[in-house]
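This report describes the fold of a protein chain for a reader who is new to structural description. It turns to helix packing, then to the sheet, and finally to selected residues.

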Amino acid sequence: MIRRISRARVWQYDYLMLREIGLGLARQAATLNGKSGLFVLDVGCKYMPYRRLFEGPSSRYVGLDLRAYRGVEVRGDALHLPFGSDSFDLLLCTQAFHVLRDFRGALSEFVRVTRRGGRILLTTVGTWPYPPTTHLHRWSRLELQEFLSEFGEARVEETGGYLQLVPQLANALVAMGVEGHLATKYGRAGRILAFPLKGIYLGMNLLALGCGKAVRAASGAGLGVARSLEDLDAHLAINYLAVLIPRK
């Protein structure tokens, strides 16, 4: 599971989303080069898929989750973190913030346990299919930016615009509809029957990457239409990456 998330393969249905999350976090980890001895807290960590990105500069990496997933060191609630104030240099919360029921309370706790000069990294969904029974909040970039800015210096980036979003949602439709149905109804046999669908995922993912590369190249060459498409591509995100330096 860890490898599937942190090192997504191009034939996975959610490859485009996972790729963008991984690249964004890798860029943030690169800004820590030269630092060492950092205390890192991973809130809602589940399997801690991005731990490897931050192992170099960290001397302590603590995973916290409500459930006792393998590798979870501390079981706890984001609204009541069981740590003293100013305990961590970096707090990571990936793909969990949007399902919290009290964003302000959770972020206040994140800020409390983060040391002066430290940072908080959040990733959260933009456009992604969820069952209607799931409690979640879909942020816009501006809304998330304004909310986080109440707590410090914030920057929010969109990841995966229109050119990736449409193929990604098409893959999700096939995976959650067709593949999910086969697996639920026929178990292991259904998963085997669904294996050829990876060819569809592969094709859609390569199409998205190719289109994005072509548009960027044409935009760089000065083609007006391509520049407009490139600008438009940032208006709708699969996901968001937020960086917050808390005001202490």
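Axes are lines fitted to C-alpha atoms, for helices over the stretch in contact, and angles run from 0 to 180 degrees between N-to-C directions. The model discussed here is a predicted one.

**Helix packing**

Two packed helices are described by the angle between their axes and the distance between the axes. In this model, H2 packs against helix H6 (residues 162-186) at an angle of about 135°, and their axes are 8 Å apart. H2 and H6 are therefore oblique to each other. On the H2 side, the contact involves Tyr-15, Leu-16, Met-17, Arg-19 and Glu-20, which meet Gln-164, Pro-167 and Gln-168 in H6.

An open sheet is formed by 7 strands, whose order is E3-E2-E1-E4-E5-E7-E6, with mixed pairing. At its edges are strand E3 (74-75) and strand E6 (152-159), each of which pairs on one side only. Within the sheet, strand E1 (residues 38-43) and strand E4 (residues 88-94) run parallel and are joined by 3 bridges. Asp-42 stands opposite Leu-92 in E4.

Helix H2 (residues 15-30) also packs on the sheet, where it touches E4, strand E5 (114-125), E6 and strand E7 (239-246). The direction of H2 makes about 20° with that of E7. Another helix, H4 (residues 103-113), lies across E1, E4, E5 and E7 and runs at about 145° to E5.

**Selected residues**

| Residue | Relative accessibility | Class |
|---|---|---|
| Cys-45 | 2% | buried |
| Gln-12 | 9% | buried |
| Cys-211 | 33% | partly exposed |

Where does Gln-12 lie? Gln-12 is found in the loop between helix H1 (2-6) and H2. Gln-12 is classed as buried because its relative accessible area is 9%, under the cut-off of 20%. Leaving aside its neighbours within four places in sequence, Gln-12 is in contact with Arg-4, Leu-18, Tyr-201 and Asn-205.

How many disulfides are there? The count comes to 0 disulfides, a disulfide being a pair of cysteine sulfur atoms within 2.5 Å.

Notes. Residues are numbered from 1 along each chain as its sequence is written. This is a predicted model: local features need pLDDT of at least 70, side-chain atom pairs count only at pLDDT 80 or more; totals for chains, interfaces and linings use all residues. Side-chain values use heavy atoms; hydrogens and water are left out. Two strands pair if DSSP finds at least two bridges between them. Helices (H or I, at least four residues) and strands (E, at least two) are DSSP runs, numbered from the N terminus. Contact means heavy atoms within 4.5 Å. Buried means under 20% relative accessible area, exposed over 50%, partly exposed in between (1.4 Å probe, protein chains only). Angles under 35 degrees count as roughly parallel, over 145 as roughly antiparallel, 65 to 115 as roughly perpendicular and the rest as oblique.
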